[in-house]
Amino acid sequence: MAFAALELTPDSALDSASDSITDAAAEHGVPHIAEVLRTRQAWKAMVRRSREISMLALRALHDELCLYPKPGLVSKMDNGSHDDMDAATFMRSLFSLRRYFSTIYLAGAAGASFDRLRRLGIDAERRMLRATSGINTHRGAIFNLGILCAAAGRWEQEGGTSSLSSTVVCQWSDDIKQMDSVADDASHGSRACRRYAVGGARGEAAMGFPHVFDVALPALRAARAGGASERAARAQAFFAILAVLDDTNLLHRGHASGLAYAHRAAREFLAGGGVLRENWPARARAIHDAFVRRRLSPGGSADLLAATLLVDRILSGDGWQRWR
Ligand SMILES: CC(C)(COP(=O)(O)OP(=O)(O)OC[C@H]1O[C@@H](n2cnc3c(N)ncnc32)[C@H](O[C@H]2O[C@H](COP(=O)(O)OP(=O)(O)OP(=O)(O)O)[C@@H](O)[C@H]2O)[C@@H]1O)[C@@H](O)C(=O)NCCC(=O)NCCS
Ligand SMILES: Nc1ncnc2[nH]cnc12
């Protein structure tokens with residue numbers, strides 16, 4: 001997938017011209033013009049960084065889609081437990097979000113309220129539904145990765161001193177918890193949260209994404225360190241999430257027994273050596289087929305895998321150009 005087409009031509013020529021004007025203005029005693037130009041330069045750097053973050057979020061969603069086997073879920077190999085969507089649906093959805101992630105990064109950098117983030121998320125969901133003819137592909141991802149992009153904006157503005165997870169909690173946890181009191185009863189997820197007393201996406205975000213930072217990211221990095229391929233490391237991270245997450249999609253479709261079945265299958269896969277076993281793709285494929293037979297689809301686990309791949313790249317300094 002060449003995201004280069006979406007990458008903007010670096011405006012380094014304009015940057016160097018602007019730098020020389022700034023220096024001249026400062027030298028000849030017109031500091032306010034220099035300050036204006038410096039502010040303009042800082043803003044342009046932030047916009048460039050927001051586009052890098054957007055590309056990282058789109059790559060994370062694309063990498064999640066492409067991972068196979070991924071029990072019950074859509075990939076480019078098959079549609080998993082779904083009759084209403086395929087990989088093309090996810091690709092249309094993913095590209096409809098390219099401006100959303102950069103916008104919400106800038107909103108976070110500017111210290112936006114949760115209400116502002118919420119409105120951006122709702123607008124993004126509207127664009128997603130238009131792109132997918134009404135299919136819910138990434139509603140949870142809009143929420144999960146949107147908050148993490150906003151947190152990245154805030155965190156980078158503050159110099160990266162605290163942690164991304166604590167930035168989510170400090171900035172928006174109370175507001176996210178308040179969402180419960182006005183939850184939309186119509187959604188599968190909010191009904192599952194109430195019926196089974198689980199936190200769902202809101203609970204995960206309000207706690208600073210523990211399944212990303214404390215479960216999946218360590219599993220991803222340990223698998224890489226153990227010599228696993230990138231595909232295998234991503235599969236290991238996915239199964240680590242699936243083994244423990246209260247995924248409301250699993251509860252919605254499979255009820256408590258479906259969630260327990262999914263947890264057990266993932267734990268057995270990991271206990272059997274996970275991806276460090278030679279035949280892991282065959283074992284993962286057997287679990288995928290069993291989920292499809294049961295119509296189970298862990299969409300929340302898929303979202304948190306994408307969130308993990310995004311966070312991994314942000315924390316590893318991945319980006320097209322250093323923005324400062
Ligand atoms: C904040 C909301 C998104 C909360 O939505 P909801 O009330 O529905 O509650 P949840 O189910 O908890 O979350 C919604 C989606 O989040 C994913 N998810 C599920 N469990 C978890 C979890 N434990 N942690 C994190 N994320 C989780 C999941 O999304 C993915 O699955 C969907 C696709 O799968 P599918 O099976 O097709 O789903 P359905 O169509 O529902 O089922 P079928 O009909 O096919 O059987 C897809 O969305 C994936 O992303 C959950 O579905 C909501 O209140 C909201 O959007 N608020 C407004 C926006 C906002 O506040 N934004 C804040 C700033 S960005
Ligand atoms: N690959 C996928 N298949 C089904 N639902 C999903 N939700 C997020 N990613 C998904």
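# Rings, ligands and cysteines: a quick tour

Let's start with the rings: the count here comes to 4 aromatic pairs. Keep in mind that this is a predicted model.

**Aromatic pairs**

- Phenylalanine 239 and phenylalanine 269 make a stacked pair, with 4.0 Å from centre to centre and 20 degrees between the planes.
- That pair links distant parts of the chain, since phenylalanine 239 sits in helix H11 (residues 230-242) and phenylalanine 269 in helix H12 (residues 248-271), 30 residues apart.
- Both phenylalanine 239 and phenylalanine 269 are buried.
- Tyrosine 261 and phenylalanine 291 pair up too, but this one is tilted: the centres are 6.0 Å apart and the planes are at 55 degrees.
- Tyrosine 261 belongs to helix H12 and phenylalanine 291 to helix H13 (residues 280-294), so this pair ties together parts that are 30 residues apart in sequence.
- Tyrosine 261 and phenylalanine 291 are both buried.
- There's also an aromatic cluster, made up of Phe238, Phe239 and Phe269.

**Around ligand 1**

- Ligand 1 has 39 residues around it, and the ones that come nearest are Asn136, His188, Ala201, Thr248 and Asp303.
- Threonine 248 has a polar side-chain atom 2.6 Å from an oxygen atom of ligand 1.
- Arginine 139 also puts a polar side-chain atom by a ligand 1 oxygen, at 3.0 Å.
- Glycine 140 uses its backbone instead: one of its backbone N or O atoms is 2.8 Å from an oxygen atom of ligand 1.
- On its own, ligand 1 would expose 1,200 Å², and the protein buries 92% of that.
- Several helices give two or more residues to the shell around ligand 1, among them H4 (98-109), H5 (114-131), H8 (188-196) and H9 (200-206).
- The largest share of that shell, 6 residues, comes from H6.
- Sorted by class, the shell around ligand 1 has 14 nonpolar, 16 polar and 9 charged residues.

**Around ligand 2**

- The residues around ligand 2 include Glu64, Lys70, Val74, His82, Phe90 and Asp303.
- Glutamate 64 has a side-chain N or O atom 2.8 Å from a nitrogen atom of ligand 2.
- Taken alone, ligand 2 exposes 260 Å², of which the protein buries 96%.
- Helix H14 (residues 299-315) gives the largest share of the ligand 2 shell, 3 residues.
- By class, the ligand 2 shell splits into 5 nonpolar, 4 polar and 3 charged residues.

**Helix H3**

- In helix H3 (residues 87-96), 7 of the 10 residues are buried, so the helix is largely enclosed by the rest of the structure.
- Those buried residues are Ala87, Thr89, Phe90, Met91, Ser93, Leu94 and Ser96.
- At the start of H3, aspartate 86 reaches a side-chain oxygen to within 3.1 Å of the backbone nitrogen of alanine 88.

**Cysteines**

- How many disulfides does the structure hold? The tally is 0.
- Cysteine 66 is in no disulfide, as the nearest cysteine sulfur, belonging to cysteine 149, is 19 Å away.
- Cysteine 66 counts as partly exposed because its relative accessibility is 32%.
- Cysteine 149 is in no disulfide either, and its nearest cysteine sulfur, that of cysteine 170, is 19 Å away.
- With a relative accessible area of 0%, cysteine 149 is buried.

Note on methods:
Residues are numbered from 1 along each chain as its sequence is written. Chains are lettered from A and ligands numbered from 1 in the order in which they are written. This is a predicted model: local features need pLDDT of at least 70, side-chain atom pairs count only at pLDDT 80 or more; totals for chains, interfaces and linings use all residues. Side-chain values use heavy atoms; hydrogens and water are left out. A residue is near a molecule or strand if one of its heavy atoms lies within 4 Å of it. A polar contact is a pair of N or O atoms within 3.5 Å; within protein, one must be able to donate a hydrogen and the other to accept it, and residues adjacent in sequence count only if both atoms are side-chain atoms. Accessible areas come from the Shrake-Rupley method with a 1.4 Å probe; for residues, only the protein chains shown count as cover. Helices (H or I, at least four residues) and strands (E, at least two) are DSSP runs, numbered from the N terminus. Ala, Val, Leu, Ile, Met, Phe, Trp, Tyr, Cys and Pro count as nonpolar, Asp, Glu, Lys and Arg as charged, and the others, Gly among them, as polar. Rings of Phe, Tyr and Trp (its six-membered ring) pair if their centres lie within 6.5 Å; planes under 30 degrees apart count as stacked, over 60 as edge-to-face and the rest as tilted. Buried means under 20% relative accessible area, exposed over 50%, partly exposed in between (1.4 Å probe, protein chains only). A disulfide is a pair of cysteine sulfur atoms within 2.5 Å.
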